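Let's take a walk through this fold together, with the model open beside the text.

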Amino acid sequence: AATRLATLDGAARAALLQSMADAVDAGRDTILEANARDMERARANGTTGAMLDRLELDPGRIDGIVQAIREVAALPDPVGQVTRTETLDNGLRVDRVRIPLGLIAMIYEARPNVTADAAALCLRAGNAVLLRGGSEARDSNIAIARCLHSALEQHGLPREAVALLEDTAREHVLELLQLSDLVDLAIPRGGERLIRFVAENARVPVIKHYKGVCHLYVDRAADPALALKLAIDGKLSRPGVCNALETMLVHADIAGGWLPGALAELQARGAEIRGDERTRELFPAAKPATEEDYDTEYLAPVLTVKVVDGFDEAVAHIQRHTSDHTEVIATGDQDTADRFVRSIRSSAVMVNASSRFNDGGALGLGAEIGISTTRLHSYGPMGLEALTIERYVVRGEGQARHGDVPKVAEAA
């Protein structure tokens, strides 16, 4: 199936996705009935809160799935894109060209919309996709996959281009992760426990994103109002996402005049403040921060704060506690900003901009299949380009590397 998809041109793959969007739209009643069964089973198992919300589909969320597929169909096609061309002295023309990865395994939890999103992104980039959703969304995932299969059949393509593991037993995931001769890349999406399980048991390449411990460093040259704006947006606009702030580091030169008011404003907006001893001297309402706090992704309105003596201490703290997701500096000094960018290796570095911008849509990718904190072929938000690789295509006119090749001696 992956080989068939790789031979399609961009227009054919875009048309396939439009048919998939139509099929999901037409099958919405069946999808909602299946989701109702999943929701009933989840409630019976004691599932509540955010997990239940991520599982639920309604007419508006079906509309969102349909629209997301259409948006991916409208994205520029990366396949066949020539990223570099060079003609060598011997007349060879050497091109670097984007091609599909092949077969991508998606292992995910809870959100049934990922079934459609992942399929759309993988197919638009010319890949086949092997989907293993969580048991909690089994019926919803099957209903969505059947809609996608109907579109594949309409275009004369194999259903296996979107293969769903309907049996969600863990032993099947273990088997899947050993298929290094079949699976070109595995992308787990879900909690840290799932991602570590995949990474620790896989023989296939894995894109990892364990957690988002994101930092804001408020430099002594920071604009006070700008720094507060970044802290509020980064921590409180949506605390339960991976690009939300978890730690704020504040230069000692600005801490006395800025930190008490800034933390009071954050607390008034609902943030719980945890701080080191110097922070608590300036803001006694802060709870004591432990070393574990600086490694924690709260996914909640909790902010850990530390006063640092300078740039070097801030960078050292980030390097010790980072999850390689997103780091932010607030500063009016260009040299300090440039040093920060050079010193930090995380997948995104923001200068005077919110951590919340580390997102495929916000960075102009149109859509993303996940955020990689693994330094492989892709680092940061993964859009369509990240679902392709570059290879060399060499065009010549009979050039041989060796002009006179001696005759191979005959065996005695």
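We'll begin with a sheet and the helix lying across it, then turn to a single glutamate.

Keep in mind that this is a predicted model. Start with the open sheet, where four strands line up in the order β5-β4-β3-β6 and pair in parallel fashion. At the edges you'll find β5 (162–164) and β6 (185–189); each has a single partner strand, so one side of each is left without a neighbour in the sheet. Going from one strand to the next, the twist averages 20 degrees.

Helix α7, covering residues 138–154, lies across β5 and β3 (103–108), and it runs at about 155 degrees to β5.

Next, move along to strand β8, residues 245–251, where glutamate 246 has its place. Is glutamate 246 buried or exposed? Its relative accessibility is 0%, and since the cut-off for buried is under 20%, glutamate 246 counts as buried. So what does its side chain reach? The answer is the backbone nitrogen of tyrosine 298, at 3.3 Å.

Tyr298 also turns up in the list of residues in contact with glutamate 246, once neighbours within four places in sequence are left aside. That list includes Gly212, Val213 and Cys214, along with Lys235. Also in it are Thr296, Glu297 and Leu299, as well as Val302, Leu303 and Thr304.

Note on methods:
Residues are numbered from 1 along each chain as its sequence is written. This is a predicted model: local features need pLDDT of at least 70, side-chain atom pairs count only at pLDDT 80 or more; totals for chains, interfaces and linings use all residues. Side-chain values use heavy atoms; hydrogens and water are left out. Helices (H or I, at least four residues) and strands (E, at least two) are DSSP runs, numbered from the N terminus. Buried means under 20% relative accessible area, exposed over 50%, partly exposed in between (1.4 Å probe, protein chains only). A polar contact is a pair of N or O atoms within 3.5 Å; within protein, one must be able to donate a hydrogen and the other to accept it, and residues adjacent in sequence count only if both atoms are side-chain atoms. Contact means heavy atoms within 4.5 Å. Two strands pair if DSSP finds at least two bridges between them. Axes are lines fitted to C-alpha atoms, for helices over the stretch in contact, and angles run from 0 to 180 degrees between N-to-C directions.
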